[in-house]
Amino acid sequence: MSGRCRQPPEQKQETNLIVRGLMIDEGASYIFECIANRLTASQLWLRQPFDILLLSAELHKEFIMSSNEDKVTVSLGAEYLYTWEAELEAPIVVPNGPNGTRAVVKIAEGTGKVYGPALNGRVVGPSSDWILIGTDGSIALDVRVLIQTEDEQIIYQKINGRAVRDEDNPSNSTIQSGSTYETSSGKYQYLNKKVVTGLGRKTGNKIKIMYYDVQGTGED
């Protein structure tokens with residue numbers, strides 16, 4: 001693969017995403033050949049405008065979103081923390097409720113694990129996702145997870161997010177989420193003060209999400 005990053009053919013919107021000099025307009029659905037020959041399309045991808053941005057676990061990359069309309073520049077840095085994997089049991093469905101259809105999905109026992117530089121361990125029960133499918137077809141995630149770390153500490157993780165189903169296979173979806181944590185363990189108490197960004201995929205009954213600590217600064 002070439003070490004040069006190509007430009008999109010044209011700019012269609014005023015607001016763009018600039019990644020190390022590579023400009024991508026809002027209509028782009030899947031563009032990234034490389035960034036300094038260190039990131040490939042399998043590591044960094046954009047499936048919908050500003051929806052999913054996967055960062056390399058090895059590098060701390062800086063992203064800049066600039067708007068020509070309001071002249072505001074925001075610099076975002078993302079640090080990879082860990083990966084979360086699990087298998088899902090068949091959902092229990094409560095159809096056509098006042099807010100839509102509720103699907104309660106339990107994380108299959110013994111399948112959940114977390115691994116990475118910040119966190120290593122396994123998912124223990126009870127851990128489930130209380131999905132709400134809106135009347136417009138939107139899928140809201142409401143996940144409650146217990147993580148038992150490899151050093152025998154317990155962390156409660158609350159995940160809120162959205163899933164967007166693949167048009168050609170609705171059993172697969174792209175996931176974006178935000179997570180908060182509760183723990184009394186001194187080693188992990190820093191998580192109590194963070195909102196961590198999760199980006200990943202569901203394929204069939206398997207789910208894989210990568211979590212990042214995203215921080216930024218803004219200036220006029």
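This is a predicted model: local features need pLDDT of at least 70, side-chain atom pairs count only at pLDDT 80 or more; totals for chains, interfaces and linings use all residues.
User: What is the secondary structure of the protein chain, in helices and strands?

Analyst: The protein chain has 0 helices and 13 strands. Read along the sequence, its pattern is β-β-β-β-β-β-β-β-β-β-β-β-β. Buried residues account for 40% of its 220 residues.

User: Why is the pair of Tyr82 and Tyr211 called stacked?

Analyst: Two values decide it. The ring centres of Tyr82 and Tyr211 are 4.9 Å apart, with 25° between the planes. Rings pair if their centres lie within 6.5 Å, and planes under 30 degrees apart count as stacked. The structure holds 2 aromatic pairs.

User: What makes this a link between distant parts of the chain?

Analyst: Tyr82 sits in strand 4 (residues 73-87), and Tyr211 sits in strand 13 (residues 206-219). They are 129 residues apart. Both Tyr82 and Tyr211 are buried.

User: Why does Asp142 count as buried?

Analyst: Its relative accessibility is 18%. Buried means under 20%, so Asp142 qualifies. Asp142 belongs to strand 9 (residues 139-149). Leaving out residues up to four places away in sequence, Asp142 touches Ser128, Asp129, Trp130, Lys158, Ile159 and Asn160.

User: How do you know that the side chains of Asp142 and Arg144 make a polar contact?

Analyst: The distance is 3.1 Å, side chain to side chain.

User: What makes strand 9 mostly covered?

Analyst: The count does: 8 of its 11 residues are buried.

User: How do you know that strand 9 pairs with strand 8 and with strand 10?

Analyst: Count the bridges. Strand 8 (residues 121-133) and strand 9 are antiparallel, with 8 bridges. Strand 9 and strand 10 (residues 154-165) are also antiparallel, with 10 bridges. Pairing needs at least two bridges, so both cases pass.

User: Which residues stand opposite Ile147 in these pairings?

Analyst: Val123 has Ile147 in strand 9 as its bridge partner. Ile155 in strand 10 stands opposite Ile147 as well.

User: Which turn residues have a positive phi in the two hairpins?

Analyst: The hairpin of strand 8 and strand 9 has 5 residues between the strands, and Gly137 in the turn has a positive phi of about 90°. The hairpin of strand 9 and strand 10 has 4 residues between the strands, and Glu152 takes a positive phi near 65°.

User: Why is Ser173 called buried?

Analyst: Ser173 has 5% relative accessibility. The cut-off is under 20%, so Ser173 is buried. Ser173 lies in strand 11 (residues 173-182). Leaving aside neighbours within four places in sequence, its contacts include Ala163, Val164, Gly200 and Lys202.

User: Ala108 lies in a loop. Why is Ala108 called buried?

Analyst: Ala108 has a relative accessible area of 16%. That value is under 20%, so the label holds. The loop runs between strand 6 (100-106) and strand 7 (113-115). Not counting residues up to four places away in sequence, Ala108 touches Glu87, Leu88 and Glu89. Ala108 and Gly125 are 17 residues apart in sequence and 8.8 Å apart in space, C-alpha to C-alpha.

User: What is the accessible surface of the protein chain?

Analyst: It comes to about 12300 Å², and 49% of that belongs to carbon and sulfur atoms.

Technical notes. Residues are numbered from 1 along each chain as its sequence is written. Side-chain values use heavy atoms; hydrogens and water are left out. Rings of Phe, Tyr and Trp (its six-membered ring) pair if their centres lie within 6.5 Å; planes under 30 degrees apart count as stacked, over 60 as edge-to-face and the rest as tilted. Buried means under 20% relative accessible area, exposed over 50%, partly exposed in between (1.4 Å probe, protein chains only). Contact means heavy atoms within 4.5 Å. A polar contact is a pair of N or O atoms within 3.5 Å; within protein, one must be able to donate a hydrogen and the other to accept it, and residues adjacent in sequence count only if both atoms are side-chain atoms. Accessible areas come from the Shrake-Rupley method with a 1.4 Å probe; for residues, only the protein chains shown count as cover.
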